[in-house]
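The following exercises are to be worked with the sequence and the coordinates at hand. Each task is followed by a solution in steps.

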Amino acid sequence: MKFKLINTVLFIVFSLMQGHINAQENMENIETHFGDSFTLSSTKKKITIGTNEENVKIELLDFMEEWGYDAPPEDENRNHYSDVQYTLQVDIKGNKNTFNFYSSEIKQNDNFTIDLENYTLLILSDNYANTSVSIEMKINRKNKE
């Protein structure tokens with residue numbers, strides 16, 4: 001009796017855990033429309049833009065803060081710098097490409113743009129805080145002439 005109860009409890013726990021994992025996977029692959037802004041983050045790393053017939057899948061693969069000083073310690077005028085490098089993977093019709101860019105490029109260019117096949121990926125802003133990150137972006141279709 002006791003063994004059967006333990007098995008039942010373990011089955012329920014594992015079922016709930018699998019349901020939670022499936023829910024997380026589904027939440028990470030939310031669909032949105034071309035031209036709408038969306039956010040990738042350290043908790044929501046994947047998104048699909050478009051429909052089943054025409055879509056672009058974007059995944060945040062990695063982010064890393066780089067920091068240091070621009071001169072040796074003896075230099076009184078040295079400055080501290082900090083920059084975050086992002087790595088995105090973009091999948092268009094099974095064709096996957098990886099793109100790296102820095103938070104400083106987003107700030108310098110005020111809407112950093114990545115040119116894709118028939119689309120333009122606009123990086124609108126980013127926010128980095130130690131171990132968490134969020135990047136606001138938008139994908140537009142290019143005008144076909």
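A residue is termed buried under 20% relative accessible area, exposed over 50%, and partly exposed in between. At 28% relative accessibility, Glu54 therefore counts as partly exposed. The model under study is predicted.

**Exercise 1. Overall architecture**

Task: State how many helices and strands the chain has, and give their order.

Solution. 
1. The chain has two helices and nine strands.
2. Read from the N terminus, the elements follow the order α-β-β-β-β-β-β-α-β-β-β.
3. Of the 145 residues in the chain, 29% are buried.

**Exercise 2. Salt bridges**

Solution. 
1. The criterion is a side-chain nitrogen of Lys or Arg within 4 Å of a carboxyl oxygen of Asp or Glu.
2. Glu54 pairs with Arg141, with 3.1 Å between the closest N and O atoms. This pair links distant parts of the chain, since Glu54 is in the loop between strand S3 (46-50) and S4 whereas Arg141 is in strand S9, 87 residues apart. Arg141, at 47% relative accessibility, counts as partly exposed.
3. A salt bridge also joins the side chains of Asp126 and Lys107, at 3.1 Å from N to O. Because Asp126 lies in strand S8 and Lys107 in helix H2 (residues 103-109), the pair ties together parts that are 19 residues apart in sequence. Asp126 has a relative accessible area of 17% and is therefore buried, whereas Lys107, at 58%, counts as exposed.
4. Between Asp115 and Lys142, the closest N and O atoms of the salt bridge are 2.2 Å apart. Here Asp115 belongs to strand S7 (residues 112-115) and Lys142 to the segment after S9, 27 residues apart. Asp115 is exposed, at 55% relative accessible area, and Lys142 is partly exposed, at 29%.

**Exercise 3. Backbone angles**

Task: Where are Lys93 and Asn130 placed, and is each of them buried or exposed?

Solution. 
1. Most residues other than glycine have a negative phi.
2. Lys93 is not a glycine, yet its phi is positive, at about 55°. Lys93 is located in the loop between S5 and strand S6 (95-102). Its relative accessible area is 74%, so Lys93 is exposed.
3. Asn130, likewise not a glycine, has a positive phi of about 55°. Asn130 is located in the loop between S8 and strand S9 (132-141). With 63% relative accessibility, Asn130 counts as exposed.

**Exercise 4. A charged patch**

Task: Which residues form the negative surface patch, and where is Asp70 found?

Solution. 
1. The negative surface patch consists of Asp70, Glu74, Asp75 and Glu76.
2. Asp70 is situated in the loop between strand S4 (55-69) and strand S5 (80-92).

Notes
Residues numbered from 1 in each chain as written. Predicted model: local features only at pLDDT ≥ 70, side-chain atom pairs only at ≥ 80, totals over all residues. Heavy atoms only, no water. Patch = residues over 30% accessible without salt bridge, like charges linked within 9 Å, V, L, I, M, F, W, Y side chains within 5 Å. Areas by Shrake-Rupley, 256 points an atom, 1.4 Å probe, with all protein chains shown as cover. Lys, Arg positive; Asp, Glu negative; His and termini not counted. Charge placed at Lys NZ, Arg CZ, Asp CG, Glu CD. Helix = DSSP H or I, 4+ residues; strand = E, 2+ residues; numbered from the N terminus. Buried < 20%, exposed > 50% of the residue type's maximum accessible area, 1.4 Å probe, protein only.
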